[in-house]
Amino acid sequence: MKNIIVTTSVKTTPQLNTKAQNLANELNLKYIIRNKKTIKQLLESAQGALVVYKNKLSYFENDSEFFFHLDTTALKIKNSDNEPLVEIIGKEKQNVLDCTMGLAGDSILLSYYSHNVTSLEKNKIIHLITSSGLKHYASPNEEINKAMRKIITHNFDCIDYLKKTPDNAFDIIYFDPMFSHDIAESNNLSGITPLADSHFKYDEFIKEAYRVARGKIIIKAHFKDNVFERYNFTRIIRKNTKFHFGFLDINQKTKN
């Protein structure tokens, strides 16, 4: 377990102090009083710092900062006709399990188009920051705000969650396992790098996902990743992009 501290912004209030203390207790982390220390000074005695601001939460480690933002989600919504994930799932409302929430960009996109989305995140810090953002972030687009508020999130390892889930419980199971080359080539994800889990158990995941999904299993991965061929995903080629989508179309008859 990393040595992570919880503190507040330099300009703090009793309410922020209490919130930081409560988060530290909830996450079983150490709370410290900021005392006007810089982030660099805080990190001299800790590996990471979760900082409570008035309107956001941020996690600092090394030279990176992770906080909730819409990434490219608003642009994806604007250009949804060209979004492979939207096209693969189709227009009919589906129950979707997003197994790798991260910043929840894809969950927001799918929720915006009226799908019922449950989103899982294994890392406690990522889950805390993103779930808080989904509840409180104010976009100029009210429809995006509504989409964010509808998403159900759980701080859970996706394989453990799938093992506890009945057969055919979701129409769609979606996952986007992040690895170093994925993050390095996506500037919008740089802050999440220190928290990302690079050990994804594909065999176990596919086995459980195949049992739980009743429609499709969908993946997003780097175009160089051999996961598409290894598990027989139908790949959607995206010209001039480094990330491709693939899907397994599950035939219910073969599962019975």
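User: Which residues of β1 lie on one side, which lie on the other, and are they buried or exposed?

Analyst: In a regular strand, side chains alternate between the two faces of the sheet. In β1, Ile-4, Val-6 and Thr-8 are on one side, Ile-5 and Thr-7 are on the other, and all are buried, which leaves both faces covered. Buried here means under 20% relative accessible area, exposed means over 50%, and partly exposed lies in between (1.4 Å probe, protein chains only). β1 spans residues 4-8, and five of its five residues are buried. Helices (H or I, at least four residues) and strands (E, at least two) are DSSP runs, numbered from the N terminus.

User: What should I know about the model itself?

Analyst: It is a predicted model, where local features need pLDDT of at least 70 and side-chain atom pairs count only at pLDDT 80 or more, while totals for chains, interfaces and linings use all residues. Residues are numbered from 1 along each chain as its sequence is written, and side-chain values use heavy atoms, with hydrogens and water left out.

User: Which strands do bridges join to β1?

Analyst: Two strands pair if DSSP finds at least two bridges between them. β1 runs parallel to β3 (residues 48-52), joined by five bridges, and Thr-8 has Val-52 as its bridge partner there. β1 also runs parallel to β2, with two bridges, and Val-6 stands opposite Tyr-31 in that strand.

User: How many residues of β10 are buried?

Analyst: Nine of the 10 residues of β10 (residues 213-222) are buried, so the rest of the structure largely encloses this strand. Its pairing comes in two senses. With β9 (residues 170-175), β10 pairs in the parallel sense over five bridges, Tyr-174 being partnered by Ile-218. With β12 (residues 243-249), the sense is antiparallel, over seven bridges, and Ile-217 stands opposite Leu-248.

User: Which backbone oxygen atoms lie 2.8 Å and 2.6 Å from a polar atom of the Arg-34 side chain?

Analyst: A polar contact is a pair of N or O atoms within 3.5 Å; within protein, one must be able to donate a hydrogen and the other to accept it, and residues adjacent in sequence count only if both atoms are side-chain atoms. For Arg-34, the oxygen of Thr-8 is at 2.8 Å and that of Lys-37 at 2.6 Å.

User: Finally, which residues of helix α7 are buried?

Analyst: In α7 (residues 142-150), they are Ile-144, Asn-145, Ala-147 and Met-148. Seen down the helix axis, these residues fall within an arc of 160°, so they line one face; the arc is that of the directions from the axis to the C-beta atoms. They pack against α3 (73-78), α5 (105-112) and α6 (124-136).

How values were computed. Contact = heavy atoms within 4.5 Å.
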